[in-house]
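Trainee: I want to check the labels on this model. Can we take them one at a time?

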Amino acid sequence: FFAILIAVYMINKMFVEKDAPSSLIFSVLIFIGLLFSIAMGPWLASFLSILGDRRAAVYSGDSASGIKFTLFWSALLIGVFFQDRLFYKDKINAYVVIILSIVTFNVFTGGYSSRLLAVSLPMIFSSLLSFNGVFKWLGLLLYLAYVSLQWIYWLHISVIS
């Protein structure tokens, strides 16, 4: 998380404060998310082995979440694409773009997303509230539907008999 915060700070200094276009800022944040996803996926066991961590063998397999679990977060990432440059002035929003891109890419790289999402939920919700116009209300509606489906799954409630 510390490395992500450093990346957000550097992007803010290099792009946001220099009035770069929102598409460029979005692309750079996505690329950083891809790099973190690769580091948390296929390279994690290697990093842990280099450090002599005994958990290296535990993280050698595929820990990716399923596509159904990740679909909402990927849709939220698409909604971020349509935000204006002012959206990125808030560093929390830039952090959220990196987190959402990590979660999206983890489907392909095999990284573990659940803990990352759990820690980042307050920031993701705050970012969702700063969306523009229709994306804000659509995002909130989809978030409510997503959370409802998660509770139905966790509580083993039979919706269809």
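Mentor: Start with a cut-off: buried means under 20% relative accessible area, exposed over 50%, and partly exposed in between. Keep in mind that this is a predicted model.

Trainee: Why is Asn12 called buried?

Mentor: Asn12 has 7% relative accessibility. The limit for buried is under 20%, so Asn12 counts as buried. Asn12 is found in helix 1. Leaving aside neighbours within four places in sequence, Asn12 is in contact with Glu17, Tyr88 and Lys91.

Trainee: Which other residues of helix 1 are buried?

Mentor: Besides Asn12, the buried residues of helix 1 are Ile4, Ala7, Val8, Ile11, Phe15 and Val16. They cover an arc of only 140° around the axis, so they lie on the same side of helix 1. Their cover includes helix 2 and helix 5.

Trainee: How do you know that the length of helix 1 agrees with its residue count?

Mentor: Helix 1 has 15 residues. The expected span takes 1.5 Å times one less than the number of residues, so helix 1 should span 21 Å. The end C-alpha atoms of helix 1 are 20 Å apart, which agrees.

Trainee: What makes Phe2 exposed?

Mentor: The relative accessible area of Phe2 is 64%. Exposed begins over 50%, so Phe2 is exposed. Phe2 is also in helix 1. With Ile6, Tyr9, Met10 and Met14, Phe2 makes a nonpolar surface patch of about 550 Å².

Trainee: Why is the pair Glu17 and Lys13 called a salt bridge?

Mentor: The N to O distance between the two side chains is 3.5 Å. The cut-off is within 4 Å, for a nitrogen of Lys or Arg and a carboxyl oxygen of Asp or Glu. Therefore Glu17 and Lys13 qualify. Glu17 is partly exposed at 45% relative accessibility, and Lys13 is partly exposed at 36%.

Trainee: How many salt bridges does the structure hold?

Mentor: Two. Asp19 forms one with Arg85, the closest N and O atoms being 3.0 Å apart. This pair links distant parts of the chain, 66 residues apart. Asp19 is in the loop between helix 1 and helix 2, whereas Arg85 is in the loop between helix 4 and helix 5.

Trainee: Why is Arg85 called partly exposed?

Mentor: Its relative accessible area is 25%.

Trainee: What is the phi of Asp19?

Mentor: Positive, at about 55°, although Asp19 is not a glycine.

Key:
Residues numbered from 1 in each chain as written. Predicted model: local features only at pLDDT ≥ 70, side-chain atom pairs only at ≥ 80, totals over all residues. Heavy atoms only, no water. Buried < 20%, exposed > 50% of the residue type's maximum accessible area, 1.4 Å probe, protein only. Helix = DSSP H or I, 4+ residues; strand = E, 2+ residues; numbered from the N terminus. Patch = residues over 30% accessible without salt bridge, like charges linked within 9 Å, V, L, I, M, F, W, Y side chains within 5 Å. Areas by Shrake-Rupley, 256 points an atom, 1.4 Å probe, with all protein chains shown as cover. Contact = heavy atoms within 4.5 Å. Arc of directions from axis to C-beta.
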